[in-house]
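Here is a short note for your first look at this structure. Keep the model open and find each residue as you read.

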Amino acid sequence: MRNFQVVLGVLFGVLVFLFLDYALPSRNTVRITNTYNKLTDLGWNKIFYASPDTGTVQNAQGLRDIRFIDTVRPNGKPLVYRNEDTGTIWPPYFKYDSSNLHAVAGDLKSSAEAPRWISVTSYGWRISPLSIFPNAISMRPVAGPDDHPLNWPAMAILGVIGALLFLIWRMWNQFRERSINPALARADRAIDRVDDRLDSARDRVVAESRQARGRFSGWVDSWRGKPRR
């Protein structure tokens, strides 16, 4: 049972980590190479894209018109972002300016010969085989490829989550000390009293049984004419 609880705890921890890793904002310093729109056929991976409630456009064939931003990292590896509104649904970034962000990204494009380095804030994962892209939230120019601005939004969110968990832990401890522990103690005492009564009843039954057997043996002996011991 304990091993099962350990496995459940590990799985829960992994799920929480993956959830936070996907939903929390991240920052990457990149160079923008291209911006474009693409009609995309979404399948099961549509859970990683914006909800239709955010105003996304789909044609009669179910193809969605999605904005994409091509970038290159300082190490030369590509990183492609999608650029979609989030609206008020999860994650709650309240992004409604994807058109403006696309215009800014187009204006910040640069070549390898004359690079302009940009810090892009986004959320989500880039999984190429599954056509999953992080969603760009904002961007701003930085001094160079080694400039990595502090990701204070993620730190602030983690701080709030940590404070809430600490508050919940304190409330749970106080509730346990004031309500659960006394109730368990009363239950233990009640169980002990019941056990004592059961033991007393069992002793009485055993004693009465012995007396009954003794009387019955005496009656049998008297019926056989044997002297009673």
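1. Start with L15. L15 counts as exposed, because its relative accessibility is 57% and the cut-off for exposed is over 50%. Find L15 in helix α1, which covers residues 2-23. Bear in mind that this is a predicted model.

2. Now look around L15. A nonpolar surface patch includes L15, together with V6, V10, V14, F17 and L18. The patch covers about 560 Å².

3. Next, the salt bridges. How many does the structure hold? There are three. Take them one by one.

4. R64 sits in strand β2, residues 63-72, while E84 sits in the loop between β3 (78-83) and α2 (98-107). The pair therefore ties together parts that lie 20 residues apart in sequence.

5. Are E84 and R64 buried or exposed? Both are buried. For E84 the relative accessibility is 4%. That counts as buried because the cut-off is under 20%.

6. E84 has another partner. R82 also forms a salt bridge with E84. Here the closest N and O atoms are 2.7 Å apart. R82 is buried too, with a relative accessible area of 1%.

7. The remaining bridge is in a helix. R202 and D199 meet through their side chains, at 3.6 Å from N to O. Both residues lie in helix α3, residues 152-224. They are three residues apart, which is about one turn of the helix. D199 is partly exposed, at 32% relative accessibility.

8. Now put the bridges together.

9. R186, R189, R193 and R197 form a positive surface patch. One of them, R189, lies in helix α3. R189 counts as partly exposed, with 45% relative accessibility.

10. Go to strand β1, residues 26-41, and find T40. Is T40 buried or exposed? T40 is buried, with a relative accessible area of 14%. What does the side chain of T40 reach? It reaches the backbone oxygen of K38, at 3.3 Å.

11. F94 is not a glycine, yet its phi is positive, at about 50°. F94 is placed in the loop between β3 and α2. E84 is in that loop as well.

12. S131 is the other one. Its phi is near 55°, a positive value, and S131 is not a glycine either. Look for S131 in the loop between β4 (117-123) and β5 (135-141). At 36% relative accessibility, S131 counts as partly exposed.

13. In helix α1, find L15 and its nonpolar patch. In helix α3, find R189, then the pair R202 and D199.

Methods
Residues numbered from 1 in each chain as written. Predicted model: local features only at pLDDT ≥ 70, side-chain atom pairs only at ≥ 80, totals over all residues. Heavy atoms only, no water. Salt bridge = Lys/Arg side-chain N within 4 Å of Asp/Glu carboxyl O. Helix = DSSP H or I, 4+ residues; strand = E, 2+ residues; numbered from the N terminus. Buried < 20%, exposed > 50% of the residue type's maximum accessible area, 1.4 Å probe, protein only. Polar contact = N/O pair within 3.5 Å; in protein donor to acceptor, adjacent residues only side chain to side chain. Patch = residues over 30% accessible without salt bridge, like charges linked within 9 Å, V, L, I, M, F, W, Y side chains within 5 Å. Areas by Shrake-Rupley, 256 points an atom, 1.4 Å probe, with all protein chains shown as cover. Lys, Arg positive; Asp, Glu negative; His and termini not counted. Charge placed at Lys NZ, Arg CZ, Asp CG, Glu CD.
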